[in-house]
Amino acid sequence: MAATSTGTPGALEAAQHYNDDWRGWPVRPHDQPHPVRGSFLDPRPDRVLGATYHNGVDVAVRDDRPEPGAPPRRTHRVYAIEGGRVEEASKPGVRGLVDIGHFRYEHVDARVQVGERIEPGQPIGWTCFDTWHVHLGERLITPDGRKHWINPLRMGGKVQPTVDHAYPKIAEIRYYTPADPAWALRRIGNVVRLPDAGRRLDVRHLSGTVDVRVRASDPQSFLGWFNELPWLAAPHHPFRLSLTLVHLDSGRIVERRDVFRSAQYLTMPASQHYAPGTEQNLPANACLRHHETDSCAGIYWFRLYPAPYWNTARLPNGRYRIRVRVWDSKGNTSKRDSDLTISN
């Protein structure tokens, strides 16, 4: 996939154009929302980089309740949400993938072949037992031919209807000396965490280069069958996060910008988007085995100023306020303020 152009990280570069007007979900019922556990841009392990980003969303299915007619070790039918030619498909009988139109369906047992013409709503495969989801990825092809992964749950996409009445949360804003630790694994499973690092600073006396970190998340109001297995419910990566920096004595806005959006795949290193303290949530199968002793949910810490971080020496000494605002994909928003003093 191609690199993102300059501007707000994660902003959509171009409008998406689909092959048809069908809207719905890739599992039944198509016209009702389904719980999603793995969100777009969640941290994921990478053998070379330590961690990278989740390039789609994980639409949950109940592996403990296979639908009628499911073959052995398979649980739920997967359906195309856009028509088109099958560009790629794994051989039947394996846990693989299917590419049709702008969409990729992963962790599925494909029941279509390359070259077939598929209509939207047509079954294309089965989910696999003990996976508990179908991974749905969406590609954007820009007018100059570049391809990007984009968020299937953004507003205006094909996955509809969606329900989210819960407001995103900003738990806290902290200030640290810059630190760039290596990604490590959580105690359970092939699941990453970015270990705590850096010395926490006193907001009353900030100077030099500062790593500003915010803990934020997007709780989900629609849980569906997660209500019966509540430990599977997990907050999502926020859709948008912005900061405003105000000089308090004068009231002057010193800086205002979007820190990121989660409409399009990021190209910055995951260790710069995420801050130390971040943890990936446990996959469903590990959560079901260990929820009584370990937290299944992930933790999102973000850097407001990726490297080279925030150089406070560029500003006059004095009192300032950082306001962080966060949105979900439905437009629900929350904010949090943090007052500080620069003393260089």
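**Buried residues, a disulfide and the overall fold**

Q: Why is Thr244 called buried?
A: Thr244 has a relative accessible area of 14%. The label needs a value under 20%, so Thr244 is buried. Keep in mind that this is a predicted model.

Q: Where does Thr244 lie, and what does Thr244 touch?
A: Thr244 sits in strand 17, which covers residues 240–247. Leaving aside residues up to four places away in sequence, Thr244 touches Ile253, Glu255, Arg256, Arg321, Ile322 and Arg323. A touch here means heavy atoms within 4.5 Å.

Q: Why does Glu67 count as buried?
A: Glu67 comes out at 15% relative accessibility. With the cut-off set at under 20%, Glu67 therefore counts as buried. As for its place in the chain, Glu67 lies in the loop between strand 4 (57–60) and strand 5 (74–79). Its contacts, not counting residues up to four places away in sequence, are Thr75, His76, Arg77 and Trp126.

Q: And what makes Cys128 buried?
A: Cys128 has 3% relative accessibility. That is under 20%, so Cys128 gets the buried label too.

Q: What makes the link between Cys287 and Cys296 a disulfide?
A: The S to S distance between Cys287 and Cys296 is 2.1 Å. The criterion is two cysteine sulfur atoms within 2.5 Å, so the pair qualifies. The structure holds one disulfide, and both of these cysteines are buried.

Q: Why is the disulfide of Cys287 and Cys296 called right-handed?
A: Look at the torsion about the S-S bond: that angle is about 95°, so the disulfide is right-handed.

Q: How does the radius of gyration of the protein chain fit a compact globule?
A: For 344 residues, a compact globule would come in near 20 Å, and the protein chain has 21 Å, so the value agrees with the rule. The C-alpha trace spans about 70 × 50 × 40 Å along its principal axes, and 53% of the 344 residues count as buried.

Q: What secondary structure does the protein chain have, and what share of its contacts join residues at least 24 apart?
A: The protein chain has two helices and 22 strands. Among contacts between residues at least 6 apart in sequence, 70% join residues at least 24 apart.

Notes. Residues are numbered from 1 along each chain as its sequence is written. This is a predicted model: local features need pLDDT of at least 70, side-chain atom pairs count only at pLDDT 80 or more; totals for chains, interfaces and linings use all residues. Side-chain values use heavy atoms; hydrogens and water are left out. Buried means under 20% relative accessible area, exposed over 50%, partly exposed in between (1.4 Å probe, protein chains only). Helices (H or I, at least four residues) and strands (E, at least two) are DSSP runs, numbered from the N terminus. The radius of gyration is taken over C-alpha atoms; the globule rule is 2.2 Å times the number of residues to the power 0.38.
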